[in-house]
Amino acid sequence: MSFTLIAGPCAIENEETPRLIAKEVKAICDDLGIRYIFKGSYRKANRSRLDSFTGIGDEKALGILKSIGEEFGIDTITDIHESHEAELAAKYVDHLQIPAFLCRQTELLIAAGNTGKGVNIKKGQFLSPEAMSFPVEKVQSTGNKNVWVCERGVSFGYSDLIVDATSIHRLKSHGVPVIMDCTHSVQKPNKTEGVTGGDPSMIETIALSAAATGADGFFIETHPDPKTAKSDPHTMLQLDKLRGILEKTMAIRKALNL
């Protein structure tokens, strides 16, 4: 597939912000010849604290995702957490995403595959690149061959993630497109205050390294004002920094004849 950007806010938190992001990112991708898939979580099931923001309502958020896809003529993707969610989400979006913590959940993977939608499987922080053959096999067992894998770092101690520079190359051995999650890879989980931290200044470094090692696309959560976001404010890329990173990415790909 052509170089792909999966990008949007961490969560669908209102009507206006996702549309602003979609409009801006689509313009950048159109200029640079990048395939764009709009991402937004319709519900955040995996939160550290009980009082964390989880969503504005499933069908309302899914409806916003669907309308963004129609308004801007772009594909959309959202993550699902339980097998029964696959059928519902598939009515609204073009692709489904499997969160990293859930990448071994057989029923979830098979339910996603059975929808016939594209399935982006995040690599668990606890898995080697080679072990991702098994989640891929589970989805493909449904007859659905539209599967991607997504690198997002490996757990290091209790509160850091490390990105292995060899991982993209090793993941490509599975014969499916490989996406680099440039924003969750800079997370600093397990903070004592119950809110995941991060270092967004490293997003560009992660992205350019992945581009140089042959990634087929990026996953980047972005927001016009991350500090005000209701989910993952410490890891999202500020929207006005996206174009510069993507321009450098495409220059690297051109230089390497990718």
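Which residues of helix H7 (residues 203–212) are buried?

## Helix H7

In this predicted model, the buried residues of H7 are Ile-203, Ile-206, Ala-207, Ala-210 and Ala-211. Around the helix axis they cover an arc of only 130°, so they lie on the same side of H7.

The cover over these buried residues comes from several elements. Among the helices, it includes H6 (167–171) and H8 (242–255). Among the strands, it includes S9 (178–181), S12 (217–223) and S13 (237–238). Just after H7, Gly-214 has a positive phi of about 95°.

## Helix H8 and the segment after it

Thr-249 is located in helix H8. Is Thr-249 buried or exposed? Its relative accessible area is 0%, and because buried means under 20%, Thr-249 counts as buried. Leaving aside residues up to four places away in sequence, Thr-249 touches Phe-3, Leu-208, Ala-211 and Phe-218. One of these, Ala-211, is also one of the buried residues of H7, and H8 is among the elements that cover the buried residues of that helix.

Asn-257 belongs to the segment after H8. Its relative accessible area is 71%, and because exposed means over 50%, Asn-257 counts as exposed. The phi of Asn-257 is near 60°, a positive value in a residue other than glycine.

## Overall fold and dimensions

The chain contains eight helices and 13 strands. How does its radius of gyration relate to that of a compact globule? For 258 residues, such a globule would have a radius of gyration near 18 Å; the chain has 17 Å, which agrees. Along its principal axes, the C-alpha trace spans about 45 × 40 × 40 Å.

Contacts can also be sorted by separation in sequence. Of those between residues at least 6 apart, 68% join residues at least 24 apart.

## Burial, surface and charge

What percentage of the 258 residues of the chain count as buried? The value is 51%. The accessible surface of the chain comes to about 11100 Å². Carbon and sulfur atoms account for 51% of that surface.

The chain has 30 positive and 33 negative charges. The mean position of the positive charges and that of the negative charges are 2 Å apart.

Notes. Residues numbered from 1 in each chain as written. Predicted model: local features only at pLDDT ≥ 70, side-chain atom pairs only at ≥ 80, totals over all residues. Heavy atoms only, no water. Helix = DSSP H or I, 4+ residues; strand = E, 2+ residues; numbered from the N terminus. Rg over C-alpha atoms; globule rule 2.2 N^0.38 Å. Buried < 20%, exposed > 50% of the residue type's maximum accessible area, 1.4 Å probe, protein only. Contact = heavy atoms within 4.5 Å. Areas by Shrake-Rupley, 256 points an atom, 1.4 Å probe, with all protein chains shown as cover. Lys, Arg positive; Asp, Glu negative; His and termini not counted. Charge placed at Lys NZ, Arg CZ, Asp CG, Glu CD. Arc of directions from axis to C-beta.
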